[in-house]
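Visitor: Hi, I'm new to this one. Could you walk me through it?

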Amino acid sequence: MQVSIACTDHNLKARNNDDRHKQIPSSPKLGNGARAKFRTVAIIARSLGHFIPQHHISLKESTAKQTGMKYRNLGKSGLRVSCLGLGTWVTFGGQISDEVAEQLMTIAYEHGINLFDTAEVYAAGKAEVILGNIIKKKGWRAETERGLSRKHIIEGLKASLQRMQLEYVDVVFANRPDTNTPMEEIVRAMTYVINQGMAMYWGTSRWSAMEIMEAYSVARQFNLIPPVCEQAEYHIFQREKIEVQLPELYHKIGVGAMTWSPLACGIISGKYDIGVPDSSRASLKCYQWLKDKIISEEGRRQQAKLKDLTPIVERLNCTLPQLAIAWCLRNEGVSSVLLGASSAEQLTENLGAIQVLSKLTTQIVNEIDNILGNKPLNKKDYRS
């Protein structure tokens, strides 16, 4: 889930309205021994030290590889902070000019620092003002490659809603590419965005069955909201997770499946039966991995099996993609199959799989399984 520091229009308006009705007290003059009632840490969050400045600001990208900066979890939370931070007690304590303060912050930022500490008593509040002005002027925003900390989830969803100009989404999915963030923090953050009206439900994407069950257990233990769906790859050559690992969760806790890549990145489309056409996606340099997969020994075996499905395709009076998509739809636990299309014609063809679904009798499904030869041992019941 990619996120960035941002404020929605709603939040900005709310802040302005609050400011109109509140009288801002003057900052008290406190001695050196005074202790701040509040301390704040401005964290421009990153997972891998990678920043994309807002408004195309010409600021050198800060990556761990370029700067040598190391990032660590803040305690047992999922928030990643630079191992070095910049304090503003001396930096912004009235001993240097605003220009020098900006220069120091920029240097810190360019070298991978994402943590800036301040307090209300530093220069009678001036340090906080300077810090905020610099961050706003620079337009620093963080695009995180991965991570599911509470901060990433909430700010990321707010930014997404702002970009889509929506007040809420029906379902928000959480990727889990690593295990840096405690499960309780993820579930609490997802519960928060639902309680705040930013989403109605939440689901998981590419999670293992064990991780999904853990999330459900955490939700039940702390009276939080559990996930309702898992996004997973599913097609005639990729069956294990949907048909073996998830059915038990579907029956026990009601977690459904939203599957993707029903045509296996185009492999099942039939266009690679005699090689890789120059006009195909697999011919592009950035898809070399797909080309390698197609021309591999396993890829050739798959193409042979697709040809063996031709009699069934002809008997049902449909196309190979329609058969493959309908095959995915008939799985009991599949709530929805995500389609990918690069043309109106292709999308229209794929939508025709709905009419094929009712034609997939038990006998035909058994024929398909015999051709594929990859039916999992404990596959559950299917719709007829």
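Visitor: Let's start with the second largest cavity. How many nonpolar, polar and charged residues are in its lining?
Guide: This is a predicted model, so keep that in mind. In the lining of the second largest cavity, seven residues are nonpolar, and there are no polar and no charged ones.

Visitor: Which residues line the second largest cavity?
Guide: The lining is made of Ile236, Leu309, Leu323, Ala324, Trp327, Ile368 and Leu372.

Visitor: And which helices each supply at least two residues of that lining?
Guide: Those would be helix H13, covering 320-329, and helix H16, covering 362-372. The largest share comes from H13, with three residues.

Visitor: What volume does the second largest cavity have?
Guide: About 40 Å³. The structure holds two cavities of 30 Å³ or more.

Visitor: Let's switch to the surface. Which residues form a nonpolar patch there?
Guide: Tyr168, Val171, Met200, Tyr201 and Val228 do, and together they have about 440 Å² of accessible area.

Visitor: Where does Val171 sit?
Guide: Val171 is in strand S6, which runs over residues 169-175. With a relative accessible area of 33%, Val171 is partly exposed. Patches are made of residues over 30%, so Val171 clears that cut-off with its 33%.

Visitor: Where is Ser261, then?
Guide: In the loop between strand S9 (256-260) and helix H10 (288-295). Ala264 is also found in the loop between S9 and H10, and Ala264 has a positive phi of about 55° although it is not a glycine.

Visitor: Why do Ser261 and Ala264 count as buried?
Guide: Buried means under 20% relative accessible area. Ser261 counts as buried because its relative accessibility is 13%, and Ala264 does because its value is 5%.

Visitor: Okay, salt bridges. How many does the structure hold?
Guide: The structure holds 11 salt bridges. Side chains of opposite charge can pair when their charged atoms come close. One of the bridges joins Arg188 and Glu184, whose closest N and O atoms are 2.8 Å apart.

Visitor: How many residues apart are Arg188 and Glu184?
Guide: Four, about one turn of helix H6, which spans residues 183-195 and holds both. Arg188 is partly exposed at 34% relative accessibility, and Glu184 is partly exposed at 31%.

Visitor: What about Lys151, which residue does it form a salt bridge with?
Guide: Glu155, with the closest N and O atoms 3.1 Å apart. Lys151 and Glu155 both lie in helix H5, residues 150-164, and are four residues apart.

Visitor: And Glu297, is it buried or exposed?
Guide: Glu297 is exposed, with a relative accessible area of 53%. Glu297 forms a salt bridge with Arg301, and Arg301 is partly exposed at 41%. Because they are four residues apart in helix H11, about one helical turn separates Glu297 and Arg301.

Notes
Residues are numbered from 1 along each chain as its sequence is written. This is a predicted model: local features need pLDDT of at least 70, side-chain atom pairs count only at pLDDT 80 or more; totals for chains, interfaces and linings use all residues. Side-chain values use heavy atoms; hydrogens and water are left out. On a 1 Å grid over the protein atoms alone, a cavity is a set of points where a 1.4 Å probe fits but cannot get out, and a pocket is an open set with protein on both sides within 12 Å along at least five of seven lines; lining residues have an atom within 4 Å of a point. Grid points are joined across faces, edges and corners, and a volume is the space filled by probe spheres set on the points. Ala, Val, Leu, Ile, Met, Phe, Trp, Tyr, Cys and Pro count as nonpolar, Asp, Glu, Lys and Arg as charged, and the others, Gly among them, as polar. Patches are made of residues with over 30% relative accessible area and no salt bridge: like charges are joined within 9 Å, nonpolar side chains (Val, Leu, Ile, Met, Phe, Trp, Tyr) within 5 Å. Accessible areas come from the Shrake-Rupley method with a 1.4 Å probe; for residues, only the protein chains shown count as cover. A salt bridge is a side-chain nitrogen of Lys or Arg within 4 Å of a carboxyl oxygen of Asp or Glu. Buried means under 20% relative accessible area, exposed over 50%, partly exposed in between (1.4 Å probe, protein chains only).
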